[in-house]
Amino acid sequence: MSRESRVLSIQSHVVHGYCGNKSAVFPLQLLGIDVDFINSVQLSNHTGYATIKGQTLSENDLKELFDGLTANNLHTIYTHLLTGYVRNDDFLREISKIIKALRAVNPDMIYVCDPVMGDAGKMYVPESLLPIFRDEIVPLCDICTPNQFEVELLTEQKINNEEDAWKGMQWFHEKGVKTVVLSSSDIGGPDVLIALLSTKKSSEQYEKFKIVIPIQGPIFLTGTGDLFAALFLAHSTRLPNDLKTAFEQTIASVQSVIKVTIDSMPEEIRSGKVKPNAQQRELKIIQSKKHIEDPVIELHALRID
Ligand SMILES: Nc1ncnc2c1ncn2[C@@H]1O[C@H](COP(=O)(O)OP(=O)(O)O)[C@@H](O)[C@H]1O
Ligand SMILES: Cc1ncc(COP(=O)(O)O)c(C=O)c1O
């Protein structure tokens, strides 16, 4: 890493709870990476709660903020752009203008995109975002960290097995994405999640890795994907030529945060007797501070030839 990393993160903000910038900024800072962040929305809480109140930043608001940065020549300081949850079409199109403006002053700027659109078969952003991600955003990514559902949405292909998953990831490479990380998939059976990484080394050469992740608790958590994307940005920046280790460290930290979160829940939830409410499912990011730096869980990546 030649120059000091500094990330511009454009994601959601929630007053209560952890997802979007609340899941990303503190972990990046903990790992020594400075983050300037823009909140695409400011919501009371994430969309898994019964009630959500708050505001959505318009594309004009986003442009005004970025114009402020450029007026002070601050747009030249960013080594990375990280984007996540957005809620409107023109805001997403404004992000593509920002990517180009950042690259105009720093051609080596790395764009990490978590194409946040939904999970478990359900979209939680407007469907109109999908073609913009597919045609205008993904082709600009250096690193993309979709979950299984987001790969299926973008490629319009279901993933039923590992072969389908690698095929879906190849779609990203054909769009020009160097590194794709499938943060999780259900292709390994009921007790595990499978995470896959594919990175293009040259026109014909790829490196592919797979991590089998035991599912922790009978619990669906929110904010894990944003945490995953931020941690992968940090570890892949520190280890640009060893993405196997960066992948392992990312998963280990996420799993450690999940372990701390589940361990903090009452026994009746941990045992599956009682379903946790949205607040009980919030990630314990602050309480996991030391495990983000020094994970308690270790999982090894298998190289796939
Ligand atoms: N219950 C769980 N047990 C183990 N790992 C989990 C669990 N929930 C999420 N994760 C991990 O969190 C990471 C991100 O989750 P994922 O669902 O893929 O992202 P998103 O939140 O974007 O849908 C994945 O690597 C996945 O392994
Ligand atoms: C406001 C907000 N931001 C971000 C996310 C993405 O969360 P995850 O990291 O689980 O994909 C969600 C998901 O519900 C959300 O409601």
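1. Let's start with two helices, α1 (residues 21-30) and α7, which pack at an angle of about 30 degrees with their axes 8 Å apart. That angle makes α1 roughly parallel to α7, a label for angles under 35 degrees. Axes here are lines fitted to C-alpha atoms, for helices over the stretch in contact, and angles run from 0 to 180 degrees between N-to-C directions. Helices (H or I, at least four residues) and strands (E, at least two) are DSSP runs, numbered from the N terminus. The crossing of α1 past α7 is right-handed, where right-handed is said of a near helix turned clockwise from the far one by less than a right angle.

2. A word on what you are looking at: this is a predicted model, in which local features need pLDDT of at least 70 and side-chain atom pairs count only at pLDDT 80 or more, while totals for chains, interfaces and linings use all residues. Residues are numbered from 1 along each chain as its sequence is written, chains are lettered from A and ligands numbered from 1 in the order in which they are written, and side-chain values use heavy atoms, with hydrogens and water left out.

3. Now to ligand 2, which has 13 residues around it; Ser-12, Thr-47, Gly-223, Gly-225 and Asp-226 come nearest. To be near, a residue needs a heavy atom within 4 Å of the molecule. Helix α7 (residues 224-238) gives the most to this shell, with three residues.

4. Which side chain has an N or O atom 2.8 Å from a nitrogen atom of ligand 2? That is Ser-12, a polar contact (a pair of N or O atoms within 3.5 Å). The side chain of Thr-47 has an N or O atom 2.8 Å from an oxygen atom of ligand 2. Of the 400 Å² of accessible area that ligand 2 has on its own, the protein covers 95%, by the Shrake-Rupley method with a 1.4 Å probe.

5. Turning to ligand 1, you will find 17 residues surrounding it, and the closest are Asp-119, Asn-147, Ser-183, Ser-184 and Gln-216. Helix α8 supplies the largest share of this shell, four residues.

6. Gly-225 is worth a look at both sites: a backbone N or O atom of Gly-225 lies 3.0 Å from an oxygen atom of ligand 2, and one lies 3.0 Å from an oxygen atom of ligand 1. A polar side-chain atom of Ser-183 is 2.7 Å from an oxygen atom of ligand 1. The protein covers 93% of the 550 Å² of accessible area that ligand 1 has on its own.

Note on methods
Polar contact = N/O pair within 3.5 Å; in protein donor to acceptor, adjacent residues only side chain to side chain. Parallel < 35°, antiparallel > 145°, perpendicular 65-115°, else oblique.
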